[in-house]
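Dear colleague,

I am passing on a structure for you to look at, with the sequence and coordinates shown just below.

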Amino acid sequence: MILRSRATGRAVAYKVFYRLPVSVRRRLVRLAGPKYVVGAVTLVRDSEAGGAGRLLLLRQPPGHSWTLPAGLLQRGEAPVVGAARELHEESGVRLPPDRLRPAVPNALVHTRGWVDMVFEVEVPASTTTLKVDGAEVLEAAWHPLDDLPRLSRATANLLGHYGIGPQAGQPAT
């Protein structure tokens, strides 16, 4: 009996909800639904590297660990456009968005309320000029995948999803 009254109450609530104007329904969903911060991350591999390969990493203030080129999307910005923009802003590597391909998985939902849209690209390190601003990014460098430097916790966790680094093969955190 209780289950039926819950179902009936829910049906009534949906009936009322769907009679509201679309703009009001959207506003209610935004108020009641979960909120996420969305960022874009790019895994940039050296297309010329042998062995395990090399990955472009950034050292950002305070400079204790290394990260990936990444940043928050601007309102209404397509994730691949944001990834290309952040890659250029942080490393000096300018690529058209259509050069970036979605990583698998493409979206990583983190427990602390943010989502990373992850993209991949290969470029030749020997002809790719790296340029940092010295403020947001202190250093950009290519690192062998089998000998990575100290990574930020978020970077190590993210790379683990792709079988790279110290978290590779471990349960996601």
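Leaving out residues up to four places away in sequence, V80 touches P97, L100 and F119, where contact means heavy atoms within 4.5 Å. V80 lies in helix 3, and because its relative accessibility is 23% it counts as partly exposed; the classes used here are buried for under 20% relative accessible area, exposed for over 50%, and partly exposed in between, with a 1.4 Å probe and protein chains only. V80 and E120, which are 40 residues apart in sequence, have C-alpha atoms 10 Å apart in space.

Before going further, please keep in mind that this is a predicted model, in which local features need pLDDT of at least 70 and side-chain atom pairs count only at pLDDT 80 or more, while totals for chains, interfaces and linings use all residues. Residues are numbered from 1 along each chain as its sequence is written, and side-chain values use heavy atoms, with hydrogens and water left out.

As to the overall layout, the secondary structure comes to 4 helices and 7 strands, in the order α-α-β-β-β-β-α-β-β-β-α from the N terminus on; helices (H or I, at least four residues) and strands (E, at least two) are DSSP runs, numbered from the N terminus. The radius of gyration is 21 Å, well over the 16 Å that the globule rule gives for 173 residues, so the protein is more spread out than a compact globule; this radius is taken over C-alpha atoms, and the rule is 2.2 Å times the number of residues to the power 0.38. Along the principal axes, the C-alpha atoms fill a box of roughly 70 × 35 × 30 Å. Buried residues make up 38% of the 173 residues, and of the contacts with a separation of 6 or more, 62% are between residues 24 or more positions apart.

Turning to the strands, two of them pair if DSSP finds at least two bridges between them. Strand 1 pairs with strand 6 in the parallel sense over 10 bridges, with V115 in strand 6 as the bridge partner of V38. Strand 1 is also joined to strand 4, in this case antiparallel and by 3 bridges, and here V41 stands opposite A70 in strand 4. Strand 6 in turn runs antiparallel to strand 5 (residues 101-109), to which 5 bridges join it, and M117 in strand 6 is the bridge partner of A107. The hairpin of strand 5 and strand 6 has 4 residues between the strands, and in it G113 takes a positive phi near 90°.

The largest nonpolar core has 20 residues, of which V44, L56, L95 and L100 touch the most other members; such a core is a set of buried Ala, Val, Leu, Ile, Met, Phe, Trp, Tyr and Cys residues joined through side-chain atoms within 4.5 Å. Two or more residues each come from strand 1 (37-46), strand 2 (54-59), helix 3 (79-91), strand 6 (114-123) and strand 7 (139-144), and the largest share, 5 residues, comes from strand 6. Apart from this core lies another, of 18 residues, among them V41, L55, L68 and L145. Beyond its neighbours within four places in sequence, L56 is in contact with residues including V44, L87, V93, L130 and W142.

Helix 4 (residues 153-160) is mostly covered as well, with 6 of its 8 residues buried, namely T155, A156, N157, L158, L159 and G160. The cover over these buried residues includes strand 1, strand 2, strand 3, strand 5 and strand 6.

E77, in the loop between strand 4 (70-72) and helix 3, counts as buried because its relative accessibility is 15%. A polar atom of the E77 side chain lies 2.9 Å from the backbone nitrogen of Q74, and E77 touches L72, G82 and R85 when residues up to four places away in sequence are not counted. A cis peptide bond joins P61 and P62, with omega about 5°, and P62 is found in the loop between strand 2 and strand 3 (66-67). A cis peptide bond also joins V104 and P105, with omega about 0°, and P105 lies in strand 5.

With best wishes

Methods:
A polar contact is a pair of N or O atoms within 3.5 Å; within protein, one must be able to donate a hydrogen and the other to accept it, and residues adjacent in sequence count only if both atoms are side-chain atoms.
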